[in-house]
Amino acid sequence: QLPSKMGKGVLVTPTVHGIVVPCCMLSGVFWDFEVMEESLQKIGSFIPTRWVYVCIENLQNGNDLNGIKIYLGLMILFSIILFAISFTILKFKNEI
């Protein structure tokens, strides 16, 4: 099976190009975050990819975990919410 396929013939490539690449662009992974317009920076600040990038930057600059607690908490909360939504959808889908 080709690496670009996953599951029951669902293509991964559109997902990568449609979701992952724009998230990386808006969060400042591909270029410096401050280069973008202020409106794009505001959007990028709400993307979890940005939170991870900020955590990595802080740790590389020698800061301890106290500086990234808020980002870690947000990522854990975001993960729990997405897990709950996925669980609910899967449960509903299996009942039908």
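Is Trp51 buried or exposed, and what is its relative accessible area? Trp51 is buried, at 9% (buried, under 20% relative accessible area; exposed, over 50%; partly exposed, in between; 1.4 Å probe, protein chains only).

The model is predicted: local features need pLDDT of at least 70, side-chain atom pairs count only at pLDDT 80 or more, and totals for chains, interfaces and linings use all residues. Residues are numbered from 1 along each chain as its sequence is written, and side-chain values use heavy atoms, without hydrogens and water.

**View A. Trp51 and Phe78 form an edge-to-face aromatic pair.** Their centres lie 6.0 Å apart, with 85 degrees between the planes. Rings of Phe, Tyr and Trp (its six-membered ring) pair if their centres lie within 6.5 Å; planes under 30 degrees apart are stacked, over 60 edge-to-face, the rest tilted. Trp51 lies in helix H3 (residues 48–60) and Phe78 in helix H4 (residues 69–95), so the pair ties together parts 27 residues apart in sequence. Helices are DSSP runs (H or I, at least four residues), numbered from the N terminus. Phe78 is partly exposed, at 36% relative accessibility.

**View B. Arg50 places its charged end over the ring of Phe33.** The distance to the ring centre is 3.8 Å. The rule requires CZ of Arg, or NZ of Lys, within 6 Å of the ring centre and within 35 degrees of the ring normal.

**View C. H3 buries Arg50, Trp51, Val54, Cys55 and Asn58.** They cover an arc of only 140 degrees around the axis, so they sit on the same side of H3. The arc uses directions from the helix axis to the C-beta atoms. Gly62 follows H3, with a positive phi near 90 degrees.

Definitions and conventions
Helix = DSSP H or I, 4+ residues; strand = E, 2+ residues; numbered from the N terminus.
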